[in-house]
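Let's work through some ring geometry together. Have the model open, and try each task before you read its solution.

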Amino acid sequence: MHQRTSLAPLALLLGLAAAVGGCASSAGTVTDTTAIDTIMQAYQGEVPGASVLVIRDGKAIVRKGYGLANLEDHELATPATNYRLASVTKQFTAAAILLLAEDGTLSLDERMRQWLPALPAATDAITIRELLTHTGGLVDYEDVMPANQANQLRDADVLHLLEAQDRLYFAPGSHYRYSNGGYSMLALIVERASGLRFEEFLKQRIFEPLGMRDSLAYVNGGAPVRHRAYGYSEGASGWTRTDQSLTSAVLGDGGIYSSLDDLARWDAALYSDRLLSKQSRELAFHPWTVTDDADVRYGFGWRITGESLWHSGESIGFRNVFVRYPQRRLSVIILSNRNDPEPYRLALAIARHYLID
């Protein structure tokens, strides 16, 4: 089994020394969490909650939970709470592909059908690189699900749906269109190329080497999610548990559960060669393509806006965001178990307190 050096020393970083944080002065000193608490006010009390982490210069200066991870059992949201990451998963799927490219097992410019030959002829020109950057033109699998679909889809089911779609939205490489199906296909390519189930590959090659002990790609009937947050949606009668949908079991585009503490280990690894080589990290963080937002480019599982690398994740009952400012050595992560609000703007508001020179 191929593994890199463990990040066990980071556990010391994330302990009691991270218990306080908040606004920063112009000298970068930490005071209290008052400003952060104000930004996160809507998550406080007897409501679905959130967990917030701010990392500066390798230190967790805000590490805090708000509200509840489980309304029915009144379990508090904490820094150890595990949330479904939704599309924040995509950076891990991209990393799995890059690890296989480093191994020499596959090439980013290989055709997708080399690994998934059952796909129709219309997909023949799509490369792995185009899947990573959402420029393959694949049909959205959510739009072609049967109206009577009763069971949750898995990645293999997504493949079967796409096998029946002998058409594309556009010629591969010519445009950008965000594609959950593309990342589901990447997970299947990881399985075909490695000989491991996708969830096992992540465990062996990413989570275990980095000490991300509570992170996993969740499979019904597999390993349980420890310290699990359940998702909720707000309606006229209040909050209702909406933890799973028909697409929640698709792993490659959004099936990972993780916590603040584990994501801090992941964040630290992205500054060094502990997991991915410098060349692979540069590939992941390169602004390869324009998107449907004029201010945003897309890398491999990352959005790029100015000096920031980020990705949000939205699924039924969960809203998350992970924002990094590598040149400033600053990261802000918000994980939440509710359907609203979208937390990207909250993360930017928090980050502004630490971006003062």
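This is a predicted model: local features need pLDDT of at least 70, side-chain atom pairs count only at pLDDT 80 or more; totals for chains, interfaces and linings use all residues.

Residues are numbered from 1 along each chain as its sequence is written, and side-chain values use heavy atoms, leaving out hydrogens and water.

**Exercise 1.** Classify the pair formed by Tyr 176 and Tyr 298, and find what the pair ties together.

Solution. Start with the rule: rings of Phe, Tyr and Trp (its six-membered ring) pair if their centres lie within 6.5 Å; planes under 30 degrees apart are stacked, over 60 edge-to-face, and the rest tilted. It gives nine aromatic pairs. The centres of Tyr 176 and Tyr 298 are 6.2 Å apart with planes at 45°, so this pair is tilted. Next, Tyr 176 lies in the loop between helix 5 (155-163) and helix 6 (180-194), and Tyr 298 in strand 11 (residues 297-298), so the pair ties together parts 122 residues apart in sequence. Helices (H or I, at least four residues) and strands (E, at least two) are DSSP runs, numbered from the N terminus.

**Exercise 2.** Classify the pair of Trp 302 and Phe 322.

Solution. With 5.6 Å centre to centre and 70° between the planes, Trp 302 and Phe 322 are edge-to-face. Phe 322 belongs to strand 14 (residues 318-325).

**Exercise 3.** Which ring does the charged end of Arg 129 sit over?

Solution. The ring is that of Trp 288, with its centre 5.3 Å away. The criterion is NZ of Lys or CZ of Arg within 6 Å of the ring centre and within 35 degrees of the ring normal. Likewise, Arg 241 lies over the face of Tyr 230, 4.0 Å from the ring centre.
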